[in-house]
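Biologist: I am new to this structure and would like to learn how to read it. Could we start with how helices are placed against each other?

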Amino acid sequence: MSESKKRLLIFVDTAHHDGHEADFRYELVKALDKISYSIFEDIPKTPENIFSVLVGGILFSDAVLLDGTPFTNVVSSNSLIQYGICYALGKKCMFITIKNNSREALLEVKGNVADGYVEFEYYLDFATQFKPKFLDWFDAPKNIYKTKPNTLAVHSFIAFGVDRWKNSDLYEIISNFSLGKGWVPRIASSIGSLSKLESLVKAVGQRSFCVFCLDKNDTEEIFLGIGLAIGMGRPFLVIKHKNIELPTSLSGYSGVIEFDSYIQLKDQLSK
């Protein structure tokens, strides 16, 4: 595939105001030279269709670049969702970080998740050294993890973010809302960190649908799991308290239940 025909989608971090976005965009033009690309943040969209634009953009791209430079002590929920979508769709996805501006979170990504990760000391290094690294990475075979299909009928769903010892009320509601409907709940135990990606793929892929319960202490596996479910086309439900912020990537997704009290949540799930 010629350089000009590569469909490259880039996500740029716009949440930080220390000059990173402007520097990254400026050097990106030189780094990619004649390679055509689209920046997701520049694509026209409304809050109501961010989700559909995101999924469509990744689906019709040949590769995705994620801006990993401004991460703090955790990888952003949006980047994890985007990576999960790419992984499930077999799309090449690369994290880019400028070392002197990055944080330790990317070490976790580098060691355990990304089959594409590249770092540069400075923005100038990114501008002058990125293109050959990108082309080598792009042309290399992509490792695709395939979930073995179940041979038995599956009438169960898997729930993430539910712990009977930390929140017994939520555990009881999620465990019981499908009683009498023929669906058996499976509560995901702690799958671990990003290094357990293949186990997470299996957990998401071998159930009929997924439930993700968000709270302020969400782990990486929650957002990776959401991304995997999206990429696999697996139906999923997001449950969150009204005070918990929904990742921007999910804006416009219809399968979100927001609650103010557990009585309200129980009522909503029974409908």
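Modeller: Angles under 35 degrees count as roughly parallel, over 145 as roughly antiparallel, 65 to 115 as roughly perpendicular and the rest as oblique. In this predicted model, the axes of helix H2 (residues 50-59) and helix H3 (residues 77-89) come within 10 Å and cross at roughly 40 degrees, and H2 and H3 are therefore oblique to each other. Axes are lines fitted to C-alpha atoms, for helices over the stretch in contact, with angles from 0 to 180 degrees between N-to-C directions. Helices are DSSP runs (H or I, at least four residues), numbered from the N terminus.

Biologist: Which residues of H2 and H3 make the contact?

Modeller: Contact means heavy atoms within 4.5 Å. H2 brings Leu-54, Ile-58 and Leu-59, and H3 brings Gln-82, Ile-85, Cys-86 and Leu-89.

Biologist: What should I know about nonpolar cores?

Modeller: In soluble globular proteins, nonpolar side chains tend to be buried together. A nonpolar core is a set of buried Ala, Val, Leu, Ile, Met, Phe, Trp, Tyr and Cys residues joined through side-chain atoms within 4.5 Å; buried means under 20% relative accessible area (1.4 Å probe, protein chains only). Here the largest has 43 residues, of which Phe-160, Ile-226 and Phe-236 touch the most other members. Helix H8 (residues 220-232) gives the most to this core, 7 residues.

Biologist: What does Phe-236 contact, leaving aside neighbours within four places in sequence?

Modeller: Its partners are Cys-210, Phe-212, Ile-226, Ala-229, Ile-230, Tyr-253 and Gly-255.

Biologist: How much of the protein is buried?

Modeller: Buried residues make up 47% of the 271 residues.

Definitions and conventions:
Residues numbered from 1 in each chain as written. Predicted model: local features only at pLDDT ≥ 70, side-chain atom pairs only at ≥ 80, totals over all residues. Heavy atoms only, no water. Helix = DSSP H or I, 4+ residues; strand = E, 2+ residues; numbered from the N terminus. Buried < 20%, exposed > 50% of the residue type's maximum accessible area, 1.4 Å probe, protein only.
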